[in-house]
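Have the sequence and the 3D view ready.

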Amino acid sequence: MRTLPDLSRLGALCFLALGICLGAEGAHAASLKGFAQVRDDGSLSIQGRIVRLKGIYLPIDERSCRTFIRPARCAAEAVLVLDDLVEGFVHCEANVRMFRNGTEAFCSVEGQSILDSRQDLGALMIQQGFALAREDAPPRYRALERLAQAQERGLWNPGFVNLR
């Protein structure tokens, strides 16, 4: 006569398998909110974790300095623009892709008005012409890039070197 498998043992095995799948990276699957600092490579540091903006490429060109702030901030122009947009608290959605020392995610900041509750940092960077849409970017990013190019914003301005 066949017996049914012990359900408590089966449940424990499923729980163990889930734990192995999630591993130490399981904590990274939740959204991340907090004070963000923009690093010189264009990534964000939030609660000690490194987050890259999903779908965009920030050209790291010549460094320029913002001397109207103290201490002066020197970095690539795209990094300085991102630094202006971040202004502290950032909300990053569940990670899209892990990399060696961090995660890649869509991040947003508070909107400028009541009607605009959140603003996508990647979209803002592309719209202003200081980031390029990567191959894996959402279609909306590509449309924003074409618009920035047509309006000669940021990197698309004839005064900038075309890095594409």
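C92 and C107 are joined by a disulfide, with 2.1 Å from S to S; a disulfide here is a pair of cysteine sulfur atoms within 2.5 Å. This pair ties together distant parts of the chain, 15 residues apart: C92 sits in strand β7 (residues 89–92) and C107 in strand β10 (residues 107–113). Strands are DSSP runs of E with at least two residues, numbered from the N terminus. The link between C92 and C107 is right-handed, with 105° about the S-S bond.

Before we go on, a word on what you're looking at. This is a predicted model, where local features need pLDDT of at least 70 and side-chain atom pairs count only at pLDDT 80 or more, while totals for chains, interfaces and linings use all residues. Residues are numbered from 1 along each chain as its sequence is written, and side-chain values use heavy atoms, leaving out hydrogens and water.

Searching the whole structure turns up 2 disulfides. The other cysteine pair to look at is C65 and C74, whose sulfur atoms are 1.9 Å apart. Here C65 is partly exposed at 44% relative accessible area, and C74 is partly exposed too, at 25%.

Now zoom out to the strands β5 (residues 63–66) and β6 (residues 73–76): they run antiparallel, joined by 4 bridges. Two strands count as paired if DSSP finds at least two bridges between them. A hairpin of 6 residues connects β5 to β6.

Definitions and conventions: Buried means under 20% relative accessible area, exposed over 50%, partly exposed in between (1.4 Å probe, protein chains only).
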